[in-house]
Amino acid sequence: MMLIKNLKESRKKLDIKQKDVAKLFKVDISTVSGWETGKDMIPLRKLIDYANYFNYSLDYLFGISKENIAYEPLTINLEVIAKNLKRIRKNNNMNQAYVAKRINTSQSAYSHYETATNLITTTFLFNLTKVYDKFSIDELLGRKKIKSDQVTYFFAVFPNSYILIKK
């Protein structure tokens, strides 16, 4: 099952090759191919790096949103993620056991996400979109939207191409 629905499409929109992404993130080209086909799961830290570097929202990459919304670059903060996970769960009147079962993990493992012990995995993060209505991965992770008057552009240089990226 392919969870990151727009990873390949986003790369193609930028007119860059898998080998460029592989080099940028210091992984083998077969790893990037696996991420794009759903054979392998991209680690959340790499996905956030990709989203930050190419200015894609995680909601867009996951296919939750049809349009890419500009966000500030995200630095992972386990405390913010834990607080948001707990807040969303409580606002939806759910307990940890119920959420853990719905995302296919143990209550103990899920509690580690809510106590900032561990970073939630990409798969479990995606599964949360099936648990909660109107769910934003970007907002859960603490990413801030960029106001339209704050959007700037920069050039990213790859072998044989120059890309204008909205930042």
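Which residues does R89 touch, not counting residues up to four places away in sequence?

**Entry 1: ground rules.** I am working from a predicted model, where local features need pLDDT of at least 70, side-chain atom pairs count only at pLDDT 80 or more, and totals for chains, interfaces and linings use all residues. Residues are numbered from 1 along each chain as its sequence is written, and side-chain values use heavy atoms, with hydrogens and water left out.

**Entry 2: R89.** I found R89 in helix α6, residues 78–91; helices are DSSP runs of H or I with at least four residues, numbered from the N terminus. R89 counts as buried because its relative accessibility is 8%, the cut-off for buried being under 20% relative accessible area (1.4 Å probe, protein chains only). With that sequence exclusion, R89 touches M94, N95, Q96, V99, Y110, E114 and Y132; contact means heavy atoms within 4.5 Å. I also noted that the R89 side chain reaches the backbone oxygen of M94 at 3.0 Å.

**Entry 3: the core.** I looked up the largest nonpolar core and got 43 residues. Such a core is a set of buried Ala, Val, Leu, Ile, Met, Phe, Trp, Tyr and Cys residues joined through side-chain atoms within 4.5 Å. Helix α4 gives the largest share of this core, 6 residues. Y132, a contact of R89, is among the residues with the most contacts inside the core, as is L47. Beyond four places in sequence, L47 is in contact with I4, L7, I42, L58, L61, F62 and T122.

**Entry 4: helix α3.** In α3 (residues 29–37) I list V32, G34, W35 and E36 as buried. Their cover includes α1 (7–13), α2 (18–24) and α4 (44–54). After α3 comes G38, with a positive phi near 90 degrees.

Notes
Buried < 20%, exposed > 50% of the residue type's maximum accessible area, 1.4 Å probe, protein only. Helix = DSSP H or I, 4+ residues; strand = E, 2+ residues; numbered from the N terminus. Polar contact = N/O pair within 3.5 Å; in protein donor to acceptor, adjacent residues only side chain to side chain.
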